[in-house]
Amino acid sequence: MRNLLNFLIKYNYWFLFLLLEVTSFVLLFRFNHYQQSVYFTSANGVAGKVYEISGGISSYFHLKSVNEDLLDRNMWLEQRVAFLEKSLQEQGLDSVKLYSMARLASDDYRIFKANVIKNSLNKADNYITLDRGSSDGIRPEMGVVDANGVVGIVYKTSPRYSLVIPLLNSKSSISCKIVGSEYFGYLKWEGGDSRFAYLKDLPRHAEFNLGDTVVTSGYSTVFPEGVMVGTVDDMSDSHDGLSYLLKIKLATDFGKVSNVRVISRSGQEEQNMLEKEGEK
């Protein structure tokens, strides 16, 4: 206590100076309109900057939930567009029937949310591990996508985790087609650059251009028709010269895959069983 009193006595002139300064500023800005307007303008500018920084920080911590909402919305829109395009190809379809078909078609699929907890890019056979498994309704041969496009196919599951074969795996082979064309081929990754894969067995009479969009064909039980895969980056002839070999720039950036969706189609197991019996 004595030290505090000694400190106040020693610097009493400074404290008196500060008190008088504060008093003078209060009187100046309170009873003079010009100084008052300057003060409020400056104070509002500082407060606005503080609120801007605070809002930016708050927005950053909400990015995950925002990204999940965008991914759900993108998935819904992709399904909607695919079913509408398919419906428009049929003749004599009125708007009421078109809308009802889109709604019924969306009921054929269930979407499960999952997060990537392990990933690899530099191997011949890369795998992705998800934090959801059989107890969450996920089972092998379900398709996996993110906000940009196709990621891969579920390979194995445990009660809490799933192992996914991504496009960047030599075992991956997904039926794809070019938008505007019914000709299809099979997407394979040849190793190396994780940004590119190759669309094989596309007939030579198929018409396309560089930059065209490549989507899933729908000729499998895994992915619905029209899910984004990538764009045509380059073309060449296949080894036998009977088909095209297209270099595809993948829409999915596998170095940044984090939030994904797993697609479950009703009747998938029944169709798989029937097709396997037919191959015997």
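1. Ile174, Cys176 and Ile178 point one way from strand E6, Ser175 and Lys177 point the other way, and all are buried (under 20% relative accessible area with a 1.4 Å probe, protein chains only; exposed is over 50%, partly exposed in between). In a regular strand, side chains alternate between the two faces of the sheet. E6 covers residues 174–178; strands (E, at least two residues) are DSSP runs numbered from the N terminus.

2. This is a predicted model, in which local features need pLDDT of at least 70 and side-chain atom pairs count only at pLDDT 80 or more, while totals for chains, interfaces and linings use all residues. Residues are numbered from 1 along each chain as its sequence is written, and side-chain values use heavy atoms, leaving out hydrogens and water.

3. E6 pairs with E7 (residues 184–188) in the antiparallel sense over 4 bridges; pairing requires at least two DSSP bridges between the strands. Cys176 stands opposite Gly185 of E7. The hairpin has 5 residues between its strands, and Gly180 there takes a positive phi near 95°.

4. E6 also runs antiparallel to E9 (residues 213–216), joined by 3 bridges. Ile178 has Val214 as its bridge partner in E9.

5. Lys177 and Glu182 meet in a salt bridge at 3.6 Å, N to O (a side-chain nitrogen of Lys or Arg within 4 Å of a carboxyl oxygen of Asp or Glu). Lys177 is buried at 6% relative accessibility, whereas Glu182 is partly exposed at 43%.

6. Asp125 forms a salt bridge with Lys171, the closest N and O atoms being 3.6 Å apart. This pair links distant parts of the chain, 46 residues apart.
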